[in-house]
Amino acid sequence: MSTLETIINPKQRKAKKGTKSAQADAIYQALDSMEAHVLPLSVLVQSELNVRKRPIDEKTLSELADSIQAVGVLQNLVVYPMDNDVYGVAAGQRRLLALQQLVTKGHLASSFPVPVKVVSESDALIISLTENSQREAMHPADQLHAFIELQKTGKNASEIGDLLGFSTHHVKKCLRLANMAPELLAELDADNITLDQLQALAGTPDHDRQVMVWNNAIGWKKEPRYLREAIEESKTPVENNRLVNFVGLNAYEQAGGTLEIDLFTEAGFIENAPLLEKLALDNLTVCAELLTGELRVPVWVQEKTHQAALNSVEGFAEHAGKVVLIHDRYYTLQLTPTAKADGIVQLIDDTGNAHPLSAFESSLRDIPVYRQEHRTISVGETLNFTRTDKERGRVTNSQWTVTTLDDDGKVWVSNGHETRQLDPQGDKADRHIDYGYAGTAHKAQGASSPYVILLGGVTDGRKFLASQRDAYVGLSRTKTHVQVYSDDLGKWTQRIGRQNTRKTAHDLLLSAQDRASRTGLQLWETALPLTETAVGRALSRDMGLDASVQAKFIYASKKYPTPSVAWPVFDAHGKAQGMMLYDILRSDEGHLQGLAAKGRLLGSDQAQLMVFKGSQNGQTRVVDSLAAAQQAAQADPQVGVVVQLQSASPPNPYIVARLTDGQVPTQNVDTATTAAGAIKGQFDPLSLKTPQEQAAERAIEQEAAALRQEREAVNTAVIPDESVAFGREMARERHDLSEQDEKARQAKAHELEVATEFIKSTQQRDQLRQQEKEILIDKDREYGD
């Protein structure tokens, strides 16, 4: 749609204040309320204020005359008083001409009464333009002429827009076309040029150039886009201009440069091209100076530290004042006067806040330590990243070339495919750079190099590097070319062809368990609590389960087509290992019939405890089946319930208390199975000693009691007189044997005691390590927050 089609078809125009302007509405309201008059046809004349300038089609005029002759004048004419007691017709010129035609043909008298409404001369032009726009479509030339007439009255574009209901920008476009070269407006009036062509020529206010481009255009060259190209040929466009991009539009305007905006295409043009060229030359001069200069930037160099050395304050003391990196945040390492006594060092962040770090926490993580050095770089220098940062898209030892050095210390680098900006002065993460000198293949891990030289020996110490792994590391780093040097190429290729990697015990035994545990935990996280599903609520109601039951509803799947209820499971140390699933039973009619007695483990085989429900009164019972757990929960809804899945020995009461917030009583009231109950009754669950240690002590006590009974039997035995000598001899032998047995038993007891102490210390150490890990996790969350 061309610019003026919204004027030609007023139903499609977008007014600023509705479909009509407020002032036009007011005029129409005034006309409606105005009293109509009757004037003789002889005093009505055509007016210069009527916006219709083009001749009216004779056929259309004759049809209108026939209509008036048949039914009369149905719509009042709008007139305004003129000199010599005549009235100019502002709205109704076609009706006036039709009436005059009827007079000429003798069908009407010149005194024929015509209904009119009289307005002032100032309102006549507005009424003419508004009414004619909403009746038969006006010719564009007439519309443009009307805008010029309104402008001559002193109204600006905004006022004209408010008057007619158009935006200010639209009115400016119309005024630009109305002020085109008179020769082109005459062509428009004669329908020899279209509005689109006129808009293309309006790209310049120069009338001579407008006419010249139009007259020189022949054939398809008169299409709007070719006319626009010809008009803009001598201009400097802003869009896709390399000079403008190099200098910057803001810099051009700040230097006093101005822009010319095409009202129809919104394209911008540089009006002061010499100024733009001068600014570009100044920038090139600055760049030339930078190309010959150098820049000294700070870089991080990682200290070669052993993890064991950082497990004490003394180890940290060697690196006081240096920087450590924890969770992508940089801290300055600082020692306080009481650091050694407290076993804690201070980490100072960028805001000056101090964070304590103990040697225990450091022992459980790999903390890199950096010292700051400086590198002098210049344009053309090759740099390598010294740390992989996936979020920033950086790979260790990837090669980049310095392309630009800014005055503010920023460095521009490129790898041939993309360009990046580094700010080593202001951003600490940008200091992981160094000179891109040659390095070993192992150093280039995660990156690659155009050229690689590989030394593959099989004699002396070099034979230890002749392995498939080392050959792969070296050969996989190359991009373009690799050279291999060897003292025996045949033996070297034979050695690297062997697969000499061995899987660890963890790889063989626990990898599948770890995957099963992760699968169970992921499904548990996405499952819904029983109270959030209709089946779960019905099942809870039938089984008497309350909100404290830690169960979730698991929907059916292709592998397991029966929906089930899940409870979380944990190992002996309280670590989550997945979940235990119990299928939901239904009758043939579809009624719920509870849960299956036997569950299905989705998780690691290390799982030993299933938390049925948490404790609400500080007590927890340990049972051995789901049915026993339901009975215990129904008997005492406040008590916590844990189902023991595997081990016959009772679980660690502290682990149970942490999982359920309830203590296990000394005598567990549940004895669901006789064997389990008998075994549980032999041990004290609150003792710090393990069941094995308690059993060993009980065996020693029993052996000692048997020995004492045996001694007493020997000392109190009655020996006949005739066998006294023989009895004494037997007693001495028995005493000697008893002493030997006692020594053997003592030695055995000592060995058992040593083993017991070792087991006890190992378990205590494991508990301490577990507590330290939990402390560290809390610290990590604190740093993360």
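In which strand is Val484 found? Select Val484 and you will see that it lies in strand 21 (residues 478–485), where strands (E, at least two residues) and helices (H or I, at least four) are DSSP runs numbered from the N terminus.

Before going further, keep in mind that this is a predicted model, in which local features need pLDDT of at least 70 and side-chain atom pairs count only at pLDDT 80 or more, while totals for chains, interfaces and linings use all residues. Residues are numbered from 1 along each chain as its sequence is written, and side-chain values use heavy atoms, with hydrogens and water left out.

**Stop 1**

Val484 has a relative accessibility of 34% and counts as partly exposed, a class that lies between buried (under 20% relative accessible area) and exposed (over 50%), using a 1.4 Å probe and protein chains only.

**Stop 2: paired strands**

Now select strand 12 (residues 344–348), which pairs with strand 11 (residues 329–334) in the antiparallel sense over three bridges; two strands pair if DSSP finds at least two bridges between them. Ile348 in strand 12 is the bridge partner of Thr332, and Ile348 also stands opposite Ala354 in strand 13. Strand 12 and strand 13 (residues 354–358) run antiparallel and are joined by five bridges, and they form a hairpin with five residues between them, where Gly352 in the turn has a positive phi of about 90°.

**Stop 3: salt bridges**

A salt bridge is a side-chain nitrogen of Lys or Arg within 4 Å of a carboxyl oxygen of Asp or Glu, and the whole structure holds 15 of them. Select Arg375 and Glu373, whose side chains meet in a salt bridge at 3.0 Å, N to O; Arg375 is buried, at 15% relative accessible area, whereas Glu373 is partly exposed at 23%.

Next select Arg392 and Asp427, which form a salt bridge at 3.2 Å, N to O. This pair links distant parts of the chain, 35 residues apart, with Arg392 in the loop between strand 15 (382–385) and strand 16 (399–405), and Asp427 in the loop between strand 18 (419–422) and strand 19 (433–435). Arg392 is partly exposed at 35% relative accessibility, and Asp427 is partly exposed at 25%.

**Stop 4: the cores**

Finally, select Val565, Trp567, Leu595, Met610, Phe612 and Val641, which touch the most other members of the largest nonpolar core, a set of 26 residues. A nonpolar core is a set of buried Ala, Val, Leu, Ile, Met, Phe, Trp, Tyr and Cys residues joined through side-chain atoms within 4.5 Å. Among the elements that each supply at least two residues of this core are helix 22 (534–543), strand 24 (564–570) and helix 23 (626–635), and helix 23 gives the most, with five residues. Leaving aside neighbours within four places in sequence, Val565 is in contact (heavy atoms within 4.5 Å) with residues including Leu530, Leu539, Met580 and Leu595. A second, separate core of 20 residues includes Leu64, Ala65, Val79 and Leu96.
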